[in-house]
Amino acid sequence: MISSFFSSLLFFTKLFFVKKHYDVIFYSPQHFNRSKNHTNEYFSHLIDSCKKNNLSYIYFEEPSLKFQFKRCPHSIPFDFLYYLIIFLRKFMGSEMSYHYKDIKIGRFFKLLFFRRITFDNYITISQSMLSFFNGLCIDAKKFDMQHGTIHSQKDSYLKDGIVSTNLIKNQVHLLLFGNGFQDLLISNDTQKYFISHSHVIGYFTNFYNQNHVNVNRDVLVSLQFTDDHSLNENQNILDLLFDRISNETKFNFFLLNHPRFTTKIDLSSLLQLPNVFLSNNSLIDSLDKCSLHLTVYSTTTFEASIMGIPTSFIKINSLKMNIFDKQYNYPFYNSSLEDLYNNYITCSSKVKEWADNFYCIYSEKNFLKVLKNGSKKN
C-alpha cells in the first residue's frame, strides 16, 4: 500500500511537466482484479482493442483496503489522488451533493495535476469517480462498463422508471453485455435516456470456449454473503441454503465464495454436512467440474448457462433476489436439482439459448464505434 501511494505521488507529480493526450482513460477499483494474472477481465479486451487500433490510453486503479486483491501489473495507482479526494470531500459543505463536490474537486485538480493532460473518453466500472472526471473534462464522453446484474429497480441505474441522477448529471453511456439488458432498461425507462445512452458491446470470456459434457451430481453453489445485504438477509440466505442442502443428499455441493465475501457469516454449519465441500478452484474450473448450479441470484447463472449448465434457485421473496424470475425470465426458475438432472440435455440446450440474449460475444467494432472519435484506423 505504501509503495503504491508513493508510486502514485511520483506519477502525478511528473504530470506537471508532461503534455499528453489520451484517447481513453480507464478507471477501476482494485477489487475487480479477479483473474489469475490479477488483471481486470472487464477491461482487458477493451484495452487490447485500443492497442490494436493505435488508440492511446492510460489505466488508473483505485486502491481497496477492504478486499485483498493484488494490483493489476499494467495499471497506474490512483492512491495519492484518491486519498486526497476523500480528504477534500470531508471539508466541503454538508449541503453539497456528492456529485457537485466531485465536480468541484475535478475542476480544482484540472488546474493542478491535469493542467497539461487531455482525454476524449473515460471508461469506469461500478460508476467510480464519474463526477470527478466530469469535472476534469466535461467534454469527454463518459462510459460505465456493466459488471453484474442490471434490472428495472436497481437504484444505480433505474428505479420506478426514473434514471439514476448520477448517470444523467454526468451524461454517462452504458456499455452492456447483451440485448436483453438493453431491452430491459429501455422498456422501463420513462425518460427515454437509455435509447441513446446504452450500447451493446458484448462480453469477452473463455466461457464461450467451454461446454460442459460430463453429466454428474456435483453442484456449484455461488455464495452471495456480502455487505450488499443486511446481516439478517445474509443469515436468511444461510438458513435457507442449509435447509436446501440438508434435503438434497443425492448431490455433492461445492461452495464458491463471492469475491467480496463478508467474514461476518460463519460457514461451519454448511461444511459440517457430509456432502458439502469448499471449492478452491477458479469459477471456470468449478463449472467444468460441476454439472449443476445453485444460487439465490448470482450472475454466475449467466456464465453457467453459456456452458450449458442449468441453475436451480433458492427462492426469497425479495425484489432484488428474484430477478431471474421476474426480470430475466429464466426458463427453469422453479425446477429442482433433480428435475434438471433428469432432463439435462433439454435443460442444457435451453439455458444456452436463453443466455445468448443477455451475454453476446464481444464486438470490437461496436466498442470502437461508440467512442467519441472512434478508431483512428476506421
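Predicted model: local features only at pLDDT ≥ 70, side-chain atom pairs only at ≥ 80, totals over all residues.

Author: Then take the chain as a whole before any single part.

Reader: How many helices and strands does the protein chain have?

Author: The secondary structure comes to 16 helices and 14 strands. The radius of gyration is 22 Å, close to the 21 Å that the globule rule gives for 378 residues, so the chain is as compact as a globular protein of that length. Along its principal axes, the C-alpha trace spans about 65 × 45 × 40 Å.

Reader: What share of the residues is buried?

Author: Buried residues make up 55% of the 378 in the protein chain. The chain exposes about 17600 Å², and carbon and sulfur atoms supply 52% of that area. As for contacts with a separation of 6 or more, 71% of them are between residues 24 or more positions apart.

Reader: Which residues have the most contacts inside the largest nonpolar core?

Author: That core has 113 residues, and those with the most contacts inside it are F12, F60, F78, I123, F133, F324 and F367. Take F133 as a case. Leaving aside neighbours within four places in sequence, F133 is in contact with I25, Y27, F60, F78, F119 and Y122.

Reader: Now the sheet. How do strands pair?

Author: Strands of a sheet pair through backbone hydrogen bonds, either parallel or antiparallel. Here, an open sheet of seven strands has the order β3-β2-β1-β4-β5-β8-β9, and the pairing is parallel. β3 and β9 (198–200) stand at the edges with a single partner strand each, so one side of each is left without a neighbour in the sheet.

Reader: Which strands does β2 pair with?

Author: On one side, six bridges join β2 to β1 (residues 20–29), and the two run parallel. In this pairing F26 stands opposite Y59. Two bridges join β2 to β3 (residues 76–77), also in the parallel sense. There, E61 has P77 of β3 as its bridge partner. β2 itself covers residues 57–62, and five of its six residues are buried.

Reader: How many bridges are there between β1 and β4?

Author: β1 and β4 (residues 117–125) pair over seven bridges, in the parallel sense. Y27 stands opposite T124 in β4.

Reader: How do side chains sit along a strand, and which residues lie on each side of β8?

Author: In a regular strand the side chains alternate between the two faces of the sheet. In β8, V172, L174 and L176 are on one side, while H173 and L175 are on the other. These residues are all buried, and both faces of the strand are covered. β8 takes in residues 172–176, and five of its five residues are buried.

Reader: How should I read a helix?

Author: An α-helix has 3.6 residues a turn, so residues three or four places apart point the same way. For a case, look at α4, residues 98–112. α4 has 15 residues and reaches 21 Å from its first C-alpha to its last, close to the 21 Å expected at 1.5 Å a residue.

Reader: Which residues of α4 are buried, and what do they pack against?

Author: The buried ones are H99, K101, D102, I103, I105, G106 and F109. The buried residues of α4 pack against α3 (79–90), α5 (130–136) and α6 (165–169).

Reader: Last, single residues. Is T300 buried or exposed?

Author: T300 has a relative accessible area of 9%; under 20% counts as buried, so T300 is buried. T300 is found in α12 (residues 300–306). Leaving aside neighbours within four places in sequence, T300 is in contact with L220, S222, L283, L287 and H293.

Reader: What is the relative accessible area of L278?

Author: The value is 40%, and L278 is partly exposed. L278 lies in β12 (residues 276–278). Not counting residues up to four places away in sequence, L278 touches L255 and L271. L278 and V221 are 57 residues apart in sequence, and their C-alpha atoms are 9.5 Å apart in space.

Technical notes: Residues numbered from 1 in each chain as written. Heavy atoms only, no water. Helix = DSSP H or I, 4+ residues; strand = E, 2+ residues; numbered from the N terminus. Expected span 1.5 Å × (residues − 1). Buried < 20%, exposed > 50% of the residue type's maximum accessible area, 1.4 Å probe, protein only. Contact = heavy atoms within 4.5 Å. Pairing = 2+ DSSP bridges. Rg over C-alpha atoms; globule rule 2.2 N^0.38 Å. Areas by Shrake-Rupley, 256 points an atom, 1.4 Å probe, with all protein chains shown as cover. Core = buried A, V, L, I, M, F, W, Y, C linked by side-chain atoms within 4.5 Å.
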